[in-house]
Amino acid sequence: MKHSFKMLTLSITGCCFIAASATQVSYASSLQEAVVTSAATVIPISASLNQQQGIKVTGKAVKEQTAEYQVDIVIPIIEGMKDTQYQDQLNDIISRQAMEDLANIKKLASDAAVNAQEAGYEMRPHTLNIQYEVKANGGAANANLLSIKMTTYTYTGGANGMPRIDTYNVLDEAQAKRIELKDLLGDSYKEIVNGHIQQEIAKHPENFFNGEEGFQGISDTQSFYIEKGSAVILFQKYQIAPGSSGSPEFPISLNNNTSQEQRNVKITTKTVKEDSGNVTSNVNIPVFDGLKDISYQAQLNDIIERHAMDDLDNLKKQAKADEATANESGITMRPYSLTILFEVKADGGDANSSMVSVKIITDTYTGGAHGIQRVDTYTFRDEPQASPVELKDLFGDSYKEHINEQIRQQIAQHPENFFKDSFKGISDTQSFYIEKGEAVILFEPYEIAPYSTGIPEFRIALVKNSNVSAPARLTVGGTELSSVEASVYMSDNGTTLVPLRIIAERLGYSVKWNEETRLVEINKGAQWTSLQAGKDSYIFNKMAPFPLGQAPVIKEDGLMYVPVDFFSMVLKAEVNSDSGSVSIK
């Protein structure tokens, strides 16, 4: 359970005394005296933190023991906040929660004792234990954040008890306020946190539930605390994992623009070096880590590694066969070699429009003056459902005409470097990579130029700086809409945008607009989703939000426009783009 306040870390020191009397205080009291309802040991615990910064946290301990229950509670009391009214409210809320837990355990224990006596068996005493930790104690070192984690352990019979974690996170200012994950990580906090948690779970899936019982995304009131420059996302026991995993926690760094760090993909190198006499190899394989789509990441890593290992195995087989032939002929064979190197051209994140692009060069030598090079490229969008990026996605339906013209112009500047009339146009599976806002079209050696030219590359600015336009025709449910009914245009990043309301209503959906929140709600039967202008966050059937690379926008005509992928990815409609038209049904 999460409250509207936040946390702080603390080591507890202090003194104790034994009290023979019992004192009862109200929930709203300032807790200057301990709450005791039977003969008890009352232990005031004082822990002053960072006195120079004005925040002081002391612990008020309550210990009780009867035949029916045992209680060991330590309640944090916060002093020295700049906003004393907020401080009093926070102390009261924390105190009330602890006192409610105390009252509940007593009631449960009393009822259990009656039932045990009637049934003729001995009752095992119930237990309540409440402890707290100060995770961030305000001041400049903690960006004025106060963060407290409280663990409430309740035992009412059975093999073991049940813990509950409450967190309180507060910005200590003249007008204090609770801190949300959105304040720390930005508007896309859910995508950032969900992606990070999915990555961590994927490392040890055996420790977590699968399917519907497993992790489905953080909630709007997700529990977390702040510690050492990280937001630590936490879940209750059994919430996403079996009891053996305890209460799962996932730290996410807040340092240096965390939202951007979490979005960029990490690419490391797996190196394979061999020297078997007839074959030498220096193979460097890119290994992707940090993709939002864990399944796609695993498949991509497997494909790239398999391809490299196949190249190595094939070269070994060829070398073995050729060596045998050379020995029969009395010829000394020069060792064959395989070198594979890669370059990361785009590593995801906002700066690359969530695109990841890698260029891999495989150089194989099997004799002669020089080896043969092959270039493989991998370009895709780092999204919850990752997908390869095609040139059509970047330049629209007329991409071939646009790119072919650009290449012809560049060849014309240095015709001596190319075979005459060799370039006939790009292929349907043309190799390319993304780098610095450009699509770099490339060709294999000898494909359109002599060996001396190397690997020909042609840089073409992405749609933002080109003249490519959006599809002109829009058909919904088999009926073509006029340009008056539905305009279609392309955003600066090359995304085709279409009007939301008319298309959704033609597909049978109800569309409601909330002027105050600027939210649109769409529903048809059990299907429901909502979206907001300016927010690249989309929901399918209340699952974790995911981006489409373009937020909804409201144009001068007053209509909201969304990426055409919204209808296929969210509303699950059939979308086809071809020859300057878009069909949705």
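## Salt bridges and cavities

D166 is buried, at 2% relative accessibility. Buried means under 20% relative accessible area, exposed means over 50%, and partly exposed lies in between, with a 1.4 Å probe and protein chains only. The model is predicted: local features need pLDDT of at least 70, side-chain atom pairs count only at pLDDT 80 or more, and totals for chains, interfaces and linings use all residues. Residues are numbered from 1 along each chain as its sequence is written, and side-chain values use heavy atoms, with hydrogens and water left out.

D166 pairs with R164 in a salt bridge. The term requires a side-chain nitrogen of Lys or Arg within 4 Å of a carboxyl oxygen of Asp or Glu. The structure holds 27 of these bridges. Three of them are listed here.

| Salt bridge | Closest N and O atoms |
|---|---|
| D92 and R96 | 2.6 Å |
| D166 and R164 | 2.9 Å |
| K203 and E200 | 3.1 Å |

D92 and R96 both sit in helix α1 (residues 84-119), 4 residues apart, so about one helical turn separates them. Helices (H or I, at least four residues) and strands (E, at least two) are DSSP runs, numbered from the N terminus. D92 is buried at 19%. R96 is partly exposed at 34%.

K203 and E200 lie 3 residues apart in helix α3 (residues 189-203), again about one helical turn. K203 is partly exposed at 48%, and E200 is partly exposed at 27%. Elsewhere, shared partners join E343, K345, E435, E438 and R459 into one salt-bridge network.

Now the cavities. A cavity is a set of points on a 1 Å grid over the protein atoms alone where a 1.4 Å probe fits but cannot get out; lining residues have an atom within 4 Å of a point. There are 3 cavities of 30 Å³ or more.

The largest cavity has a volume of about 80 Å³. Its lining has 13 residues, and those closest to its centre are I304, H307, A308, I340 and I360. Elements giving two or more lining residues are β12 (279-289), α5 (294-329), β14 (355-365) and β15 (372-381). α5 gives the most, with 4 residues. By class, the lining has 7 nonpolar, 3 polar and 3 charged residues.

The second largest cavity holds about 40 Å³ of space. Its lining residues include Y509, W528, F540 and L571. Strand β26 (residues 527-532) supplies the largest share, 3 residues. This lining has 6 nonpolar, 3 polar and no charged residues.

Notes: On a 1 Å grid over the protein atoms alone, a cavity is a set of points where a 1.4 Å probe fits but cannot get out, and a pocket is an open set with protein on both sides within 12 Å along at least five of seven lines; lining residues have an atom within 4 Å of a point. Grid points are joined across faces, edges and corners, and a volume is the space filled by probe spheres set on the points. Ala, Val, Leu, Ile, Met, Phe, Trp, Tyr, Cys and Pro count as nonpolar, Asp, Glu, Lys and Arg as charged, and the others, Gly among them, as polar.
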